[in-house]
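Here is a short briefing on one structure. Please look over the sequence and the model first.

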Amino acid sequence: MKFLGILIGIVCTSFFYFPFPLFFLPSVNTKMVLAAMGLLLLLVQLGVNGHRSINKDFFIISLFALGVSFASWLTMVLNDSMDDAYLSYLVSMWVWTGAAYFVVSSIKAVHGKISVELVCFYMIAVGAMQCLLAILLDMYAPLKAFINWILAGDYPDNGRLYGLGCAYDVAGGRFAVLLVMIAFLLPKAFSKENPYRYVVPLLAAFGIIVMIGNMIGRTTTVGLILALSYWGYILLTGKGVTGRERTLMIRWIVVLGLVFAVTFTVLYHTNAFWHKHIRFGFEGFFSLVEKGTWEVHSNEMLKEGFIFPDNLRTWIIGDGYMGAMERDPYYMGPLWYGFYKGTDAGYSRFLFYFGLIGLLTFMTFMAKVCQICAKHFPSYGYMFIMILLLNYMIWVKVSTDIFLAFAPFLCLASQSKLTECKRL
């Protein structure tokens with residue numbers, strides 16, 4: 001029964017972290033379903049516990065999210081625009097939080113307890129499984145046809161790897177978060193009573209996500225850079241680990257690197273499938289070795305799209321456009337392919353949409369969410385700061401945010417407060 005419960009917890013975590021539309025109801029995705037179930041569960045728990053006050057921290061971050069929505073409304077009004085890209089961000093934040101609440105509650109129901117570490121393990125497991133699923137889909141046609149039927153057309157059709165609701169740079173950013181989590185959990189694992197029970201799965205997941213995650217979305221590399229930087233800091237300073245633990249950590253990281261390097265070198269030279277996808281996932285590294293320069297097709301496109309406003313008004317409040325301009329029948333300017341001004345760079349898109357007012361409000365919202373998580377779980381403070389830094393780094397490339405990575409821990413803090421109130 002516990003194994004079945006763990007399996008259900010993993011499925012719920014995947015439906016939350018990598019949501020996809022329901023094939024029988026395309027306007028609704030798995031995240032929304034989990035959010036509805038989370039709201040129902042919360043109402044039941046509040047009724048049972050008799051605790052009806054609003055969580056102060058959640059109220060504060062809701063105000064910041066409302067600020068993002070207000071910036072969207074303001075730019076729409078002042079620019080007479082119909083682009084409501086972030087007008088409902090407050091609702092979006094509530095939906096993510098509601099879905100996370102159900103996931104956290106499910107994990108707690110299975111294990112009888114809940115912790116930051118346990119939530120991280122579930123999210124990391126889902127990331128590794130999505131990577132393995134992506135490989136299976138490309139190798140086994142019947143499974144791919146079944147998953148494509150579930151996704152109802154919401155999957156790449158350009159030969160790139162994908163999982164269940166897991167594709168492109170959005171997936172790459174979320175994989176990057178998982179690498180940061182592993183980087184932070186690994187030094188702690190060596191101090192446990194039976195360290196290898198944790199070290200082996202963590203390092204295996206790290207290797208799988210680095211290698212296959214990059215083939216799905218190359219934004220994964222950003223998480224790899226942060227993870228290796230953190231490990232370098234730990235190993236150089238010895239902070240938080242004993243001499244023996246540091247020695248073991250070095251050995252295991254070196255062994256992992258050698259195993260995966262040999263494995264993927266053999267696959268690259270002996271298998272056409274792996275050759276194609278490894279070359280795509282690590283295009284920059286191959287370019288560096290073969291040409292002496294870091295050249296990635298998407299990065300070249302990013303350079304062209306990393307542009308800024310040319311007038312003070314746009315810098316302050318934006319132009320009110322972020323997506324496709326043809327949606328607005330009153331728009332009379334030039335039409336760009338894809339996004340406004342033809343740029344996919346996150347910071348450029350935010351500036352052109354709602355200017356510095358919206359961008360700074362959005363950045364402050366993310367910083368406040370990080371601060372609240374770090375306040376409740378101070379021993380994981382550096383992990384949350386690294387995730388926040390990762391979010392700001394990802395915005396250089398794409399405009400997606402990773403609030404969803406913080407949401408489970410906000411719910412975890414909320415559940416802790418409910419437990420304390422119940423005891424009182």
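**Briefing**

Asp80 sits in the loop that joins α3 (56-79) to α4 (89-111). Helices here are DSSP runs of H or I with at least four residues, and strands are runs of E with at least two, numbered from the N terminus. This is a predicted model, in which local features need pLDDT of at least 70 and side-chain atom pairs count only at pLDDT 80 or more, while totals for chains, interfaces and linings use all residues. Residues are numbered from 1 along each chain as its sequence is written, and side-chain values use heavy atoms, with hydrogens and water left out.

**Positive phi**

- Asp80 is not a glycine, yet its phi is positive, about 50°.
- Asp80 is exposed, at 58% relative accessible area (buried is under 20%, exposed over 50%, partly exposed in between; 1.4 Å probe, protein chains only).
- Tyr168, also not a glycine, has a positive phi near 60°.
- Tyr168 belongs to helix α7 (residues 168-189).
- Tyr168 is partly exposed, with 35% relative accessibility.

**Helix α16**

- α16 covers residues 381-394, 14 residues in total.
- From first C-alpha to last, α16 reaches 20 Å, close to the 20 Å expected at 1.5 Å a residue (1.5 Å times one less than the number of residues).
- In α16, 10 of the 14 residues are buried, so the helix is largely enclosed by the rest of the structure.
- Buried residues of α16 include Phe384, Ile387, Leu390 and Tyr392.

**Cysteines**

- The disulfide count is 0, where a disulfide is a pair of cysteine sulfur atoms within 2.5 Å.
- Cys12 is in no disulfide, and its nearest cysteine sulfur, that of Cys411, is 14 Å away.
- Cys12 is buried, at 11% relative accessibility.
- Cys373 is in no disulfide either, and the sulfur of Cys370, the nearest, is 7.0 Å away.
- Cys373 is buried, with a relative accessible area of 1%.

**Largest pocket**

- The volume of the largest pocket is about 980 Å³.
- A pocket is an open set of points on a 1 Å grid over the protein atoms alone, where a 1.4 Å probe fits, with protein on both sides within 12 Å along at least five of seven lines.
- Its lining has 35 residues, and Pro19, Trp96, Val170, Arg174 and Thr400 lie nearest the centre; lining residues have an atom within 4 Å of a point.
- α4, α7 and α17 (403-423) each give two or more residues to this lining.
- α7 gives the most, with 5 residues.

Notes: Grid points are joined across faces, edges and corners, and a volume is the space filled by probe spheres set on the points.
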